[in-house]
Amino acid sequence: MSFLVIVPARYASSRLPGKPLADLAGKPMVTRVVERCARSGAREALVATDDERVRDAVGDAARVVMTRADHPSGTDRLQEVAEQLGLADDDIVVNVQGDEPLIPPAVIDQVAENLALHPDCQMATLCEPIDSAEDLFNANVCKVVFDVNGRALYFSRAPIPWHRDGFAGGTGADLDLSGGRWWRHIGIYAYRVGFLHRFVGWPPAPLEQLESLEQLRALANGAPVHVAPAREPVPGGIDTEADLARMRRYLSEADRL
């Protein structure tokens with residue numbers, strides 16, 4: 001199986017401006033991410049950006065593809081890269097977010113393999129069990145439910161599925177979360193290029209706009225999305241200054257990369 005990894009890196013992050021260039025133990029974050037991606041089985045891991053500062057920071061660590069500055073999402077940026085590179089409709093590309101410096105290479109391989117093994121699906125993603133009521137009721141933690149064949153039924157910021165009796169108090173503090181009944185969506189995606197071209201041509205779906213979850217556009221347009229539990233734990237990404245400080249402590253204390 002052959003696939004390509006693309007890391008969209010947007011300098012103008014709304015919550016953490018300049019995030020791709022944030023220093024992590026002597027390297028820009030985007031470099032840390034693409035180096036992890038290069039350890040996967042991808043034929044190449046590259047960075048997609050519209051900012052010369054990001055291109056210069058990546059340097060020789062990876063190929064950088066310059067894209068337009070008006071993309072509303074990383075998916076749109078991926079599609080432009082696929083177009084620029086002349087990728088075939090059946091080619092598989094994996095979108096790894098540029099704020100995941102500890103992304104396990106094994107899960108990058110897994111999501112690409114899952115899509116290749118399920119030709120009935122147009123995109124693939126991963127999940128992991130939710131083991132705390134705090135995460136279950138946290139609107140910043142995306143939840144997913146899927147059927148017995150691994151097809152996504154719905155993604156939501158709400159605590160789905162809703163346990164009628166267990167959530168009677170509204171917090172689920174005393175609920176047993178074991179057994180894999182609730183799943184956190186992990187924001188890594190594999191796409192077939194032909195689907196990418198169609199996806200960016202669809203207008204934002206009402207459900208997508210309501211939940212601010214772009215993957216709902218696929219479901220709203222009848223495109224099957226494969227979901228599977230990640231084969232390795234996936235550390236959370238960096239969205240805030242607190243996340244950044246925590247990652248810096250992790251790297252400085254253990255020198256684990």
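How many positive and how many negative side chains does the protein have? There are 27 positive and 37 negative ones, and the centres of the two sets lie 1 Å apart. Keep in mind that this is a predicted model.

Now the overall dimensions. The C-alpha trace spans about 55 × 45 × 30 Å along its principal axes. For 257 residues, a compact globule would have a radius of gyration near 18 Å, and the protein has 18 Å, so the value agrees with that expectation.

Of the 257 residues, 50% count as buried. The exposed surface comes to about 11,900 Å², with carbon and sulfur atoms supplying 48% of it.

As for the fold, the secondary structure consists of nine helices and eleven strands. If we take the contacts with a separation of 6 or more, 68% of them are between residues 24 or more positions apart.

Let me finish with helix α4, residues 105-117. What span should its 13 residues have? At 1.5 Å a residue they should span 18 Å; the end C-alpha atoms are 19 Å apart, which agrees.

Which residues of α4 are buried? They are Pro105, Val107, Ile108, Asp109, Gln110, Val111, Ala112, Asn114 and Leu115.

Notes:
Residues are numbered from 1 along each chain as its sequence is written. This is a predicted model: local features need pLDDT of at least 70, side-chain atom pairs count only at pLDDT 80 or more; totals for chains, interfaces and linings use all residues. Side-chain values use heavy atoms; hydrogens and water are left out. Helices (H or I, at least four residues) and strands (E, at least two) are DSSP runs, numbered from the N terminus. The expected span of a helix is 1.5 Å times one less than its number of residues. Buried means under 20% relative accessible area, exposed over 50%, partly exposed in between (1.4 Å probe, protein chains only). The radius of gyration is taken over C-alpha atoms; the globule rule is 2.2 Å times the number of residues to the power 0.38. Contact means heavy atoms within 4.5 Å. Accessible areas come from the Shrake-Rupley method with a 1.4 Å probe; for residues, only the protein chains shown count as cover. Lys and Arg count as positive and Asp and Glu as negative; His and the chain ends are not counted. The place of a charge is taken as NZ of Lys, CZ of Arg, CG of Asp or CD of Glu.
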